[in-house]
Amino acid sequence: MLVLRAVHGGPALPGREKQLEEQVLKAQAGDRKAAEEVLLRYEPLIRSQVRRMGFRDREEALQEGRLAVWQAIFDFNPAKGSYFGAFVKARVRSALRNLSR
């Protein structure tokens, strides 16, 4: 049941979240490939949020979402006790909300 919930948008499995956090830490240390992999992982989230918010200039909104993910990679601090997935989702939504104003 837990696996099905993770696949369908439920809470991430601890193993998957740990792998993601490792990728983020590698990216913070300068591993460009790790940063690109994190960006690719969150591209569907960005596209979904842009579609839901109905932007006229979709390309600009997509770029803003990608920039938010990029900045989230380097601003994330696992010592604060949050998951990167939740952190990046909030950052993307906030960036797109600001763009729509």
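Here is a short tour, stop by stop.

**Before you start.** This is a predicted model, in which local features need pLDDT of at least 70 and side-chain atom pairs count only at pLDDT 80 or more, while totals for chains, interfaces and linings use all residues. Residues are numbered from 1 along each chain as its sequence is written, and side-chain values use heavy atoms, with hydrogens and water left out.

**Stop 1: the whole chain.** Colour by secondary structure and you will find 5 helices and 0 strands. Helices (H or I, at least four residues) and strands (E, at least two) are DSSP runs, numbered from the N terminus. Of the 101 residues, 32% are buried, where buried means under 20% relative accessible area with a 1.4 Å probe, protein chains only.

**Stop 2: α2 and α3.** Select residues 14–28 for α2 and residues 32–53 for α3. Their axes lie 7 Å apart and the helices pack at an angle of about 135 degrees. Axes are lines fitted to C-alpha atoms, for helices over the stretch in contact, and angles run from 0 to 180 degrees between N-to-C directions. That angle makes α2 oblique to α3; angles under 35 degrees count as roughly parallel, over 145 as roughly antiparallel, 65 to 115 as roughly perpendicular and the rest as oblique. Now show the side chains in the contact (heavy atoms within 4.5 Å): among them are L20 and V24 of α2 and V38 and Y42 of α3.

**Stop 3: the rings.** How many aromatic pairs does the structure hold? There are 4; rings of Phe, Tyr and Trp (its six-membered ring) pair if their centres lie within 6.5 Å, and planes under 30 degrees apart count as stacked, over 60 as edge-to-face and the rest as tilted. Select Y42 and F84: their ring centres are 5.8 Å apart with planes at 75 degrees, so this pair is edge-to-face. Because Y42 sits in α3 and F84 in α5 (residues 84–100), the pair ties together parts 42 residues apart in sequence. Both Y42 and F84 are buried.

Terms used: Buried means under 20% relative accessible area, exposed over 50%, partly exposed in between (1.4 Å probe, protein chains only).
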